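Subject: Structure handover

Hello,

Here is the structure I promised, with my notes below it. Please open it alongside this email.

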Amino acid sequence: MNSIISFMKRNYKILIAVVCLSVTLFAFNIKSKKEVDPDRDKLLLELLTFVIEKGHYNPAIIDDTFSKGVYKDYIAALDPSKRFFLQSDINEFSKFELELDDQLTNKDLTFFNLTYDRLMLRMDESKKVFKDILSKPFDYKVDEDFNVDYDKAPYSKNTTELKEKWRKQIKLSTLSSYTDKKKMEEDKKLKDPNYVMKTDAALEAETREGSLNSLNESFGFMNELKRDDWFTLYINSIMSRFDPHTTYFAPEEKERFDVSMSGKLEGIGARLQKKNDYTEISELISGGPAWRGKQLEAGDLVMKVAQGNGVPVDVVGMRLDDVVKKIKGPKGSEVRLTVKKVDGTIQVISIIRDIVEIEETYAKSSVVEKNGNKYGVIYLPKFYIDFENKDGRDAGKDIALEVDRLKKAGVNGIVLDVRDDGGGSLSTVVDIAGLFIEQGPIVQIKSAGKKKEILYDTDKKIEWDGPLVIMVNEFSASASEILAAAIQDYKRGIIIGSKQTYGKGTVQNVIDLNQFVRNSSAGDLGALKTTTQKFYRINGGSTQLEGVSSDVVMPDRYAYLKMGERDEENAMKWDKIDPAPYSVWNNNSKFEQAIINSKKRIENNIQFRLIEENAKWIDSRSTENTYSLNIDKFKVAQNQIEESAKKFKPIVDYKNNLKFTSLPYELDGISKDAVLKEKRERWHESLSKDIYVEEALNVLDDLQTKSIVKSTIPGDKKGKLVKS
């Protein structure tokens, strides 16, 4: 969700103060690069604090409260599972809890050096611990359990307690693998009565061997990390205290960030993020192999990764970059992910890697007929723009083109789908909103200590003046929220979706740190992505934290999970400025009734009620953190979860019985491109199973100038459609 509003590419005024004052940093005489160069580390700290204090929209006060926050975040990041540090280590570290602000000011690395050296020692000790544990068989008949809520778990008082924690953690992992292997053996026996099943002892030994290999590999990756990698972790514990979107990019990270902004993704076509000790699937890229496979979902937690038929490697607790490296690979190769679904079930998902074409990051549209009317659905995955090429593709031009094509196709209404759209260029928001209004303000922007700036649509032409619905969800962020807010404030269209959007109302800029240093012997210092502005609705309210509230709220499986900006500890506050002068759309007399009708349909819809029930069940499951290590009790618990999950299978199997098709221009391309044909068929299939799109089209029905009623003819059970 750390999307950048790229409008800032053409507005560098905010950085003038930084550039003018940077002369103070030229005086640094940097030593030649060494493996450990404290002068370079101190320079980096000074650069970052200098740039952030001059460039951040609202820099935090660096005091004892700031220090406590850095301390908490950093220690949690170093040892999220509390399987390395002892309570005595924490007692020693805690003496610095209120001193980190002073150490930052003085460029003092004492705390970092202490924690880094201690972590290296504890990690080395842990290798002996897990090897010893896995050298002996586990007794799964013992009645004991393990709580995986590491946040609330205490640190071990001594090495005996720490070894016991390791034992239970490993035992839970091997027990899960053992029960899976046992089930596979039983299934093989059912299919082939002559099959000779492996003994329980053999299966138990296999699971321990697999766990040992995974841990050895995991520690191997950690051993490959350089001191600079851990120092970056420390730096970002400092940077994140300013706000969730302020981040330091080490040179390699900056390179990866640039690649991600280009829109070309390789591998399985999924975005990953760290969630405590786990790697979470945060998004599936449309058209990618994971998306095509239909098995992987946003919210799934990756537990293990295997290369083809190779041994699965446990990635719980592994660094995100290392997990990404395991999942990425050459086109055509197979990766197998063991994932924990949001409902608690475990699945092994096979994916053939591929290159995700940039075409799937662009807008696309489809047409559908319903109740005698033809409607258009436009999907916008992000607000893209090519600043290096003014003739290149951008979301504003592409949406205008899709709207024009839909008009020529004779549609009676348009659904603009910005679900899961994390944002992008603010200038394209102005262009897109301008397609649906005559002219007027679209968004207000405020920089620290400066007067607000208002971005206007100055073109009096209205590309589409018919019924309009904007679809959002809790992952619609940043630029998506500005578009939805503008359409809502003008009362130009109806916003339907989750209770509120993500709530990111800030603008980030990426600042190259190398520009401030004259002596290149320091090497590449990376970059800082920092928050430089806030944007506001034309009614004056910020979208920060509160997001945009839907006119029609639809139940969502993930409604109760904490995934929005409001759930970020250091998120900037909501506030309000004066509204911009604007006139409400005058052709919205049917809005209120359409909203009432939609709410009634949702309330009475069995499928929506099931989705709401599923959301509450998922929420209740999120608090169940204790697992029995007794095999009989473990099986009973897992069977109960699987049985409960069956109740919600109709959610996945739902079909709306609507037929979605491509526009004529695309049909020509599809006939020549088998890959594009498959992509569009898959998209249309997903639309035909999407109850949210179906309700969006129902709203378009209710917004029609000529209402559609269902007239029943005696003896005709189906009735006929009559326009009145």
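Which glutamate does the side chain of lysine 188 meet in a salt bridge? The partner is glutamate 185, with an N to O distance of 3.9 Å. Please keep in mind that this is a predicted model.

The local geometry of that pair is simple. Both residues sit in helix H7 (residues 159-191). They are 3 residues apart, so about one helical turn separates them. Lysine 188 is partly exposed, at 38% relative accessibility. Glutamate 185 is buried, at 4%.

**Overall picture**

The protein chain has 724 residues, and 53% of them are buried. Its secondary structure comes to 22 helices and 24 strands. Take the contacts with a separation of 6 or more: residues 24 or more positions apart account for 76% of them.

**Salt bridges**

The count is 49 salt bridges. In general, side chains of opposite charge can pair when their charged atoms come close.

- Arginine 292 pairs with aspartate 354, with the closest N and O atoms 3.3 Å apart. The two are 62 residues apart in the chain. Arginine 292 belongs to helix H11 (residues 289-293), and aspartate 354 to strand E10 (residues 354-356). Arginine 292 counts as partly exposed because its relative accessibility is 21%. Aspartate 354 has a relative accessible area of 19%, so it counts as buried. The cut-off for buried is under 20%.
- Glutamate 685 pairs with lysine 294, and here the closest N and O atoms are 2.9 Å apart. This pair spans 391 residues. Glutamate 685 lies in helix H21 (residues 674-687). Lysine 294 lies in the loop between H11 and strand E6 (301-307). Glutamate 685 is partly exposed, at 30% relative accessibility. Lysine 294 is also partly exposed, at 48%.

Salt bridges link Asp89, Glu92, Arg118, Arg122 and Glu125.

**Nonpolar cores**

The largest nonpolar core holds 69 residues. Phe111, Trp166, Tyr234, Met239 and Leu513 touch the most other members. Helix H6 (residues 110-133) gives the most to this core, with 9 residues.

What does tyrosine 234 contact, leaving aside its neighbours within four places in sequence? The list is Val70, Tyr74, Leu100, Phe111 and Phe112.

**A helix pair**

Two packed helices are described by the angle between their axes and the distance between the axes. Helix H16 (residues 591-604) packs against helix H22 (residues 691-702) at about 145°. Their axes are 9 Å apart. The crossing is right-handed.

Which residues meet there? From H16 come Ala594, Asn597, Ser598, Arg601 and Ile602. From H22 come Glu695, Asn698, Val699 and Asp702. By class, the contact has 3 nonpolar, 3 polar and 3 charged residues.

Best wishes

Conventions
Residues numbered from 1 in each chain as written. Predicted model: local features only at pLDDT ≥ 70, side-chain atom pairs only at ≥ 80, totals over all residues. Heavy atoms only, no water. Core = buried A, V, L, I, M, F, W, Y, C linked by side-chain atoms within 4.5 Å. Buried < 20%, exposed > 50% of the residue type's maximum accessible area, 1.4 Å probe, protein only. Helix = DSSP H or I, 4+ residues; strand = E, 2+ residues; numbered from the N terminus. Contact = heavy atoms within 4.5 Å. Salt bridge = Lys/Arg side-chain N within 4 Å of Asp/Glu carboxyl O. Axes fitted to C-alpha atoms, helices over the stretch in contact; angles between N-to-C directions. Left-handed = near helix turned anticlockwise from the far one by under 90°. Nonpolar A, V, L, I, M, F, W, Y, C, P; charged D, E, K, R; others polar.
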